[in-house]
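Trainee: I have a structure open and would like to learn how to read it. Where do I begin?

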Amino acid sequence: MSLSPAPRDEKPMLRILRADNPSPMTHTGTMTYLLGDGEVVLIDPGPDLANHADAILAALEPGERIVALLATHAHADHVAGMARLQALTQAPSFGFGPSGSGRSAVMAGLVQQGLPGGDGGFDATFAPDQRLVDGQIICPAGFDITAIHTPGHTGCSMSFAVGDWLFTGDLAMGWASSLISPPNGDMATYLASLARLARQDWSQLYPGHGESVEDASARLAELIRHRHDRERQILEALANGQTEIPSITNAIYQGIPTGLSPAASRNVLAHLIDLTARGRVLATPDPLPWARFTLP
Ligand SMILES: [Zn+2]
């Protein structure tokens, strides 16, 4: 019997688990992906729930072991379970960097001027054992994984490509658009990341929440279009004399549940920061949540 290497397009085995943390922000719960067989790579441990860690270990066959723990980004619903899984598996963790890393210069500047954090979802303790850089290829279990730095939802957001599969975290999902909450969320880098991913053909997107997405290019285009539509609505609200984030948010997000309106106003802030940086909007004094916004 001769053994030959697997063809390049042969995909590793994929097992998909969902944590029991449903909410308006997490949809049906956080998705955890297990790639490979024998030696297994995990993408996103999920929240720190004992029953989720149990389910992950129960998904392994006898003799299988997890050899690498990858994090798409440092939000707690994706990485709070990392420490528990590391204790159980002894596997190293991989990610772009600790909470708050990867911010653009614009966001770093606004933080200096007092922009408060707005997503409260960071796991402040998260720091990967191994920091990945854009384009880095790792092969912890016999198949290549390409790390792609795709900031926007957070500065530290990474997508992971395995052949033409793309694991997107919260950057591109099927069930909803992403929360873009400055300073971790950044509309300019978010749109650049989506445009970058859209330049490649993906057979499947595997997001951090919700079902996988088969028509990747249509979904990526739709997500970009959605933000262009929102931007146009914000410019219209400004043209109609709205000057502050609460009134702009009310004007364009009609009928959303009240629980989601803080997230909506963060998305509006993200657009206004981007529009200000591009000279399309004037912010007085700076594009901060309490600023006055006008058209030039
Ligand atoms: Zn997230």
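Trainee: Is Lys 11 buried, partly exposed or exposed?

Mentor: This is a predicted model, so every value here is computed from it. Buried means under 20% relative accessible area and exposed means over 50%. Lys 11 has 30% relative accessibility, so the residue counts as partly exposed.

Trainee: Which residue does the side chain of Lys 11 meet in a salt bridge?

Mentor: The partner is Asp 164, with N to O at 2.8 Å.

Trainee: What is the relative accessibility of Glu 231?

Mentor: Glu 231 is at 10% and therefore counts as buried. Glu 231 forms a salt bridge with Arg 278, with 2.9 Å between the closest N and O atoms. Arg 278 lies in the loop between α8 (261-277) and β12 (282-284), and Glu 231 in helix α6 (residues 216-239); the two are 47 residues apart. Arg 278, at 42%, is partly exposed. Salt bridges with shared partners join Glu 231, Asp 274, Arg 278 and Arg 280 into one network.

Trainee: Now the metal. Which residues are the protein donors of the zinc ion?

Mentor: They are His 73 (NE2), His 75 (ND1), His 153 (NE2) and Asp 170 (OD), 2.2 Å from the ion. Their spacing along the chain is H-x1-H-x77-H-x16-D. His 153 is in the loop between β8 (145-149) and β9, and Asp 170 is in the loop between β10 and α5, 17 residues apart. His 153 and Asp 170 are both buried.

Trainee: Why is the arrangement around the zinc ion irregular?

Mentor: Start with the ideal: four tetrahedral donors have angles of 109.5 degrees. To count as tetrahedral, all angles must lie between 85 and 135 degrees. Here the four donor atoms subtend angles of 88 to 167°, so the arrangement is irregular.

Definitions and conventions. Residues numbered from 1 in each chain as written. Predicted model: local features only at pLDDT ≥ 70, side-chain atom pairs only at ≥ 80, totals over all residues. Heavy atoms only, no water. Salt bridge = Lys/Arg side-chain N within 4 Å of Asp/Glu carboxyl O. Buried < 20%, exposed > 50% of the residue type's maximum accessible area, 1.4 Å probe, protein only. Helix = DSSP H or I, 4+ residues; strand = E, 2+ residues; numbered from the N terminus. Donors = N, O, S within 2.8 Å, 3.2 Å for Na, K, Ca; no water. Tetrahedral: all angles 85-135°; square planar, octahedral: opposite > 155°, others 65-115°.
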